[in-house]
Structure formats: C-alpha cells, structure tokens
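Subject: Handing over the two-chain model

Hello,

Here is the structure I promised to pass on to you. Please open it next to this message and follow along as you read.

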Amino acid sequence: MNHSIRSTASFSASATPTDMRLVLNDSRDPAFSLSAEEYLLTEKTDGEWLMLWRSAPSVIIGKFQNVYAEVSLTECERFSAGVYRRNSGGGCVYHDMGNLNYTIIADRGEESPEYERFLSPIVAFLASLGINAEIRDKSAIFAGNKKISGNAESVVGGRVMHHGTLLFDADLSALGRITGHAREKIKSKSIPSNPSPVANIRPMLDDDMPIERFADSIANALCDGEYRFTADETAEINSLADRKYRTWEWNYGRSPAFTLDAGGLALSARHGMIESITTDGGADISALVGCRLTPSDVRERLSDRACADEIIKLIFD
Amino acid sequence: MIDVKMPSLKEGMESGILCEWTIDAGDNVKRGDVIAEIEVDKVINRIEAAYDMKIVELCAEEGDEVKVGTIIARAESNEH
C-alpha cells in the first residue's frame, strides 16, 4: 500500500488516532457485502475497519422502509437491478459498478449519530482531489447543489457501523428511474426516502481517474493495513447472507403492511404478499390474493389475462 | 411497575421512530436483552432491557414516531 498521500484524517472517537485496516472485498454481490458489514459490526469488536465495495446494479433500501413505496420494481426489472434491505436506517440508494460504497466499523462515541466524525475525513479527501464538498442535511455530502454521498448508521453495543455511497461514475439515469419518486398512492407506516438532485464525482476531478484508482486513493489516505476474510469467515458471511440478505422475507417481506388505492384498484398487503385486491371495473383478479408482490409473480398469476400489464403498472409504477 | 420510555440518544433529540418490537407482551426478558429498535436520523439503535422483567403492555406501535420520555411499554420487575 502506498502511504505517500496519507492524510492526518482519523475516524477515531478518542484523542488517540487508531490505525484503520482496509477490509478487502471483491464481491459484487450486495447480499455478501451487507452480510460482511453485519459480520464486522458484531464480530470485530475492537479496532477500526474500512471496507470499500461495489455492487452489480441494485437498489438498497433502509431497514424499516417499504420497498413498494420507494422503489419502482418494474424499472428494477428493466435494469436487472436486485433489491436488498440493509441493516441501517434512512432511505433507498442505487448501486452499480460506478458507485463506491464505504463501510466503517469503529467504537461508538458518546453521542449518536456521528456523521461529522465519519464524513469530515471523506470531505477532506475529496478536497485533496480538487472537489469542494460539504456535509449537508446532517448525513449527506454535497458538491455544489448536488448530492454525491448518502450515509446511514447502525449501533450495536459499544460499536458503530457507518456506511455511505460515493457516486463516482454511476448510471444516474437508472438511479433516477428506479429511486427518487415516492409513491404517494401507497399508505403505510414506514421510513420515507428524502431524494435530492445527484451528481457523479468523476467529472468534478481535477485529474481524471478510474474508480479503482479513486478507491485505492481513499484506502491509502485512511488505512494503515489490509485484511482479507479467512475462508471460515467468508463461509460464515455467506451463511448469514443465505439466511438473511438473499431471502425474500428480509428484502421484501419486512415491508410494513400497506394499502394502495389508484386507478380503480384497491390493494392491501402484508409481509410483501397481497391480502386483498379489487378493481372498480369488476374484473375478477382474486387469483392474486396470496401472491408475492413482484412484477414477475403477478405476471405469472395473470399470465392468461389481457389486464396483466395494466394491473402491474397500477401496482408497481 | 416499570415504565419503559423512549430514550434520548443525543442532546436535543425530540423523538424517535419505534421501528420494531423484538418482544411481545407477556414475554420475560433479562437485563440487556434487546426489546426494540428505534431509528433516529438514519441511525438504527437498539433499546435494551434495564432490568430482568416481564413485559406487561406495549404502549406504542411499530412505525410510531414517539417523543423522548414517552412511555412505550410497561413491565413488572423480575428482580428480587
């Protein structure tokens, strides 16, 4: 690791800076990376850890969000974007290979949240690349009037996990189509997203670089050593992902109960399943009761019906 | 009777969203057991039982925004 540009930035909550280790994670599977975050938070009970990671196209919702209220699942289908629920609060974010995620695990400070503590070194790093960025809306980093990083945290005992996105060279068209438009026709008790205009970092750089070099630069600026999960740890992380982050029950089924009323269609759902559904037009779509709420499941149940596309549009768009 | 209240996690905190009960009324819990999760400013925090106790009543629903100091559950002590 090249330490030539190492800054004096530290995430330490104490007066004495603590060496931070870079956790190497080449997985592009968000379920693995979200599971790795939870593993680091609960199993690495001392020291400071930074994991940089990227994902195949996907949308990651907050722990207590209603996926149906925040995300266009038909657009997810179109862009082949997976849907995953993370372990922190806040709203939904879009990931692809042009977005760099960072996860920091450390001792918690005296207060929560600790956005200033974790975001200031990131802002300082961006400044070293010629980007005039600032913390805004408590937990976001903006450059000009555009958001380039969204952040959230989870606290367990004396440890905190802080994570965020860094839009570097992401597909902002896909981001805008999949997220960012709360579906007001859905009524539920859930945490709403707070969409803002967004921008990529790459066009703002003084000197252009690929995302790999951007990631290396952050690691060099903040970390003193590297760590790779052992085979046993990787197996444990994958096991957790199988039991949680790769399951329908976690990603969709934990959405709060909700009702949807639009275009003559009335629907109630619980645990991501349709409990009741009626239409003003009198079409009998009772076959959808008990159906999992995804476009593909609904399409399958209505495969022989001319109204399928219209019903899917009303439910998911 | 023990009143379990919405805690203040930071100076100036006015309320938090009670996102999940991890226990039910009637459950016996040990000191330190997680009984609920709350979200404040995009941070998930766990509320832990301060005593060995039996949960008698849940006074807030999942998804409710609850002011700091408001009673969210009532319990009976199991400590002797």
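Helix H1 of chain A covers residues 30-43, where helices (H or I, at least four residues) and strands (E, at least two) are runs given by DSSP and numbered from the N terminus. Its 14 residues reach 19 Å from the first C-alpha to the last, close to the 20 Å expected at 1.5 Å a residue, the expected span being 1.5 Å times one less than the number of residues. Please keep in mind that this is a predicted model, in which local features need pLDDT of at least 70 and side-chain atom pairs count only at pLDDT 80 or more, while totals for chains, interfaces and linings use all residues. Residues are numbered from 1 along each chain as its sequence is written, chains are lettered from A and ligands numbered from 1 in the order in which they are written, and side-chain values use heavy atoms, with hydrogens and water left out.

H1(A) is mostly covered, since 12 of its 14 residues are buried; buried means under 20% relative accessible area, exposed means over 50%, and partly exposed lies in between (1.4 Å probe, protein chains only). Among the buried residues of H1(A) are A:Phe32, A:Leu34, A:Tyr39 and A:Leu40, and also A:Glu37 and A:Glu38. At the start of this helix, a side-chain oxygen of A:Asp29 comes to within 2.9 Å of the backbone nitrogen of A:Ala31.

Helix H4 of chain A (residues 115-128) has 14 residues, and its reach of 20 Å from first C-alpha to last is close to the expected 20 Å. Its buried residues include A:Tyr115, A:Arg117, A:Phe118 and A:Leu126. Just after H4(A), A:Gly130 takes a positive phi of about 90°.

In helix H10 of chain A (residues 308-316), the buried residues are A:Ala308, A:Ile311, A:Ile312, A:Leu314, A:Ile315 and A:Phe316. What covers them includes helix H3 (73-78), strand S14 (265-270) and helix H9 (295-301) of chain A.

Which loop of chain A holds A:Gln65? This residue lies between strand S3 (58-61) and helix H2 (67-70), and it counts as buried because its relative accessibility is 0%. A polar atom of the A:Gln65 side chain lies 3.0 Å from the backbone nitrogen of A:Gly62, and a polar contact of 2.9 Å joins the side chains of A:Gln65 and A:Ser193. A polar contact is a pair of N or O atoms within 3.5 Å; within protein, one must be able to donate a hydrogen and the other to accept it, and residues adjacent in sequence count only if both atoms are side-chain atoms. Not counting residues up to four places away in sequence, A:Gln65 also touches others, including A:Arg85, A:Cys92 and A:Pro256, where contact means heavy atoms within 4.5 Å.

Now to the place where the chains meet. The contact takes 18 residues from chain B and 22 residues from chain A. Together the two chains bury about 1700 Å², 49% of it on carbon and sulfur atoms; buried area is the accessible area (1.4 Å probe) that two parts lose on being put together, summed over both. Of the area that chain B buries against chain A, B:Lys42, B:Val43 and B:Ile44 supply 35%, more than any other three residues.

Between chain B and chain A there are five salt bridges, each a side-chain nitrogen of Lys or Arg within 4 Å of a carboxyl oxygen of Asp or Glu. In one salt bridge the side chains of A:Arg254 and B:Glu20 meet at 3.0 Å, N to O. Strands S2 (15-21), S4 (34-40) and S5 (43-48) of chain B are the elements that give two or more residues to the side of chain B that touches chain A, and S5(B) gives the most, with four residues.

Finally, two lysines deserve a look at their backbone angles. Most residues other than glycine have a negative phi. B:Lys42, in the loop between S4 and S5 of chain B, has a positive phi of about 70° and is partly exposed, with a relative accessible area of 24%. A:Lys138, in the loop between strand S7 (133-136) and strand S8 (140-143) of chain A, has a positive phi near 70° and counts as exposed, at 55% relative accessibility.

Best wishes
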